[in-house]
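Here's a quick tour for anyone meeting this structure for the first time.

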Amino acid sequence: MVSLADLASDEQGACERCAEGTYVSSEGATACQPCEVGHFCGEGASVPLPCEAGSWSDASDLTSQTGCSSCPAGSACPTAATAAEQCAAGEYAPAHSSVC
């Protein structure tokens, strides 16, 4: 049986781990899928892990948290942010903030 995070690769039932930047969330999969935007996937991932609060990413092939960009000053980035959201007039935030 092919386990989560493994990919059936040949007729003998041999399985390979999903490469960094990809994942598979169901057993018996025949292909890995790209990691989700705002998330990262290490080798053999069965679920995408979100970029931490205070960071963001619009890429779908991140391999670790270090690929997520720090939220710039004047913006907020909640967990799994796909873009930095500028603070509204009358609000502010230092760099790496999750809320204004």
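## A buried pair

Let's begin with C71, which counts as buried at 1% relative accessibility. The model here is a predicted one, by the way. The partner of C71 is C77, and a disulfide joins the two with a sulfur-to-sulfur distance of 2.2 Å. C77 is buried too, with a relative accessible area of 0%. The torsion about their S-S bond is 80°, and this link is right-handed.

Next up is the disulfide between C18 and C32, with S to S at 2.0 Å. Why is it left-handed? Because the torsion about the S-S bond is about -85°. C18 sits in the loop between β2 and β3 and C32 in the loop between β3 and β4, so the pair ties together parts 14 residues apart in sequence. C18 is buried at 0% relative accessibility, while C32 is partly exposed at 25%.

C51 and C68 make another disulfide, their sulfur atoms 2.1 Å apart. This one is left-handed as well, with -75° about the S-S bond. C51 is buried at 0%, and C68 is buried at 10%.

## The whole chain

How many disulfides are there? The count comes to five. With the bonded cysteines numbered in sequence order, they pair up as 1-2, 3-4, 5-6, 7-8 and 9-10.

As for the fold, the chain has 10 strands and zero helices. Of its 100 residues, 33% count as buried. The accessible surface comes to about 5,700 Å², with 51% of that belonging to carbon and sulfur atoms.

Methods:
Residues are numbered from 1 along each chain as its sequence is written. This is a predicted model: local features need pLDDT of at least 70, side-chain atom pairs count only at pLDDT 80 or more; totals for chains, interfaces and linings use all residues. Side-chain values use heavy atoms; hydrogens and water are left out. Helices (H or I, at least four residues) and strands (E, at least two) are DSSP runs, numbered from the N terminus. Buried means under 20% relative accessible area, exposed over 50%, partly exposed in between (1.4 Å probe, protein chains only). Accessible areas come from the Shrake-Rupley method with a 1.4 Å probe; for residues, only the protein chains shown count as cover. A disulfide is a pair of cysteine sulfur atoms within 2.5 Å.
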